[in-house]
Amino acid sequence: MDLNVLTEMCLEQLRLSGVHEGEKVIVLSQGGERLDYADAFLAAGQRLGARMYHLRLPAPLPTSGAWAVGETGLAGNPEAVEALKQADMVVDLIFLLFSEQQLEIQASGTRVLTAVEPAPLLARLMPTRQLRERVEVGAELLSKAKVMRITSKAGTDVVYKIGMYPTISEYGYTDQPGRWDHWPAAFVFSGGADDGVDGQIVLSPGDVLLPFNTYVREPVVYTIEKGVITDIRGGLDAELIKSYMASFNDPRGFGMSHVGWGLDHRAKWHGLTQFPGGMGMELRSFYGNVMFSTGPNNELGGPNDTACHLDIPMRGCSLFLDDQPIVIDGSIAVKEMQHKFT
């Protein structure tokens, strides 16, 4: 993408995120990745009068094995972490989520924005204040609920006891101290009690496996008891999931992570066919999807910091909060969260 166009996009993003004259903003990159993003953010921030800096970490050493969340170039680099804690805002171009370092940076009051998706997707899913309002309606409903139930015609019927962990809203920009968000994003989520998730989840063809960045081809049946996956059954997809999870050699990977629903009417379910190089944020956000995740819950303040993590957006599900219908068969049921399709 042309650097001038990318800079204008970053300018709009920083305006939404409340960047103003005199603020200190650090752009964090690693090796040679996304240096065009770094240049665009630096130029955009200068136009707003912010004090802009670029912290560039060395490229990671070659490794083998499964992709793991929470492993970043900031581990063992306290000087870099301290520098980032001094900023009003950090633009994260390397993906810090689930890491101890990001939690430490946020705890200092620094707000964090992650931007790692392909530039054309960033452009198409530019955040809006209207989308934020829709997400915040969902966050308010979720924060007051004690029980979440998810069902589907494929056979899903699972109950989450919620309220122990905070509700997180993602709408693609961050203008509040200590807040994290991801560009692009539009969904709301929380987590079940550590021993408070029970039932069955059935994946159907067309549901999404992230970070595999693939679509489910045949049914997969999860059995969950007291917050732990006790069985995964099905064909090839089930075998791939089990093999991936086993590669971490960590039983905590079978715990239940966050759960919620997507609210961006512009996001496309078929997005992986257009942006295979991304990390699936469009799929997490598409309107009416219900996403459950497995593995870590430390981003919610929980004790599980396993590196084994799967996000699974599902189509055609129904989601209830204290028996109130929120999503019905993949359609948003609450008027204040609905988009009027034409």
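The model is predicted, with local features needing pLDDT of at least 70 and side-chain atom pairs counting only at pLDDT 80 or more, while totals for chains, interfaces and linings use all residues. Residues are numbered from 1 along each chain as its sequence is written, and side-chain values use heavy atoms, with hydrogens and water left out.

- E13 and E14 form a hairpin with 2 residues between them, and lysine 226 in the turn has a positive phi of about 50°; strands (E, at least two residues) are DSSP runs numbered from the N terminus, as are helices (H or I, at least four), and two strands pair if DSSP finds at least two bridges between them.
- Strand E10 (residues 197-203) is joined to E13 by 5 bridges in an antiparallel arrangement, with glycine 199 opposite isoleucine 224.

**The open sheet**
- An open sheet is formed by 5 strands in the order E7-E9-E15-E16-E17, with antiparallel pairing.
- Its edge strands, each pairing on one side only, are E7 (168-170) and E17 (310-314).
- Strand E15 (residues 256-262) and strand E16 (residues 290-294) run antiparallel and are joined by 4 bridges, methionine 256 standing opposite threonine 294.
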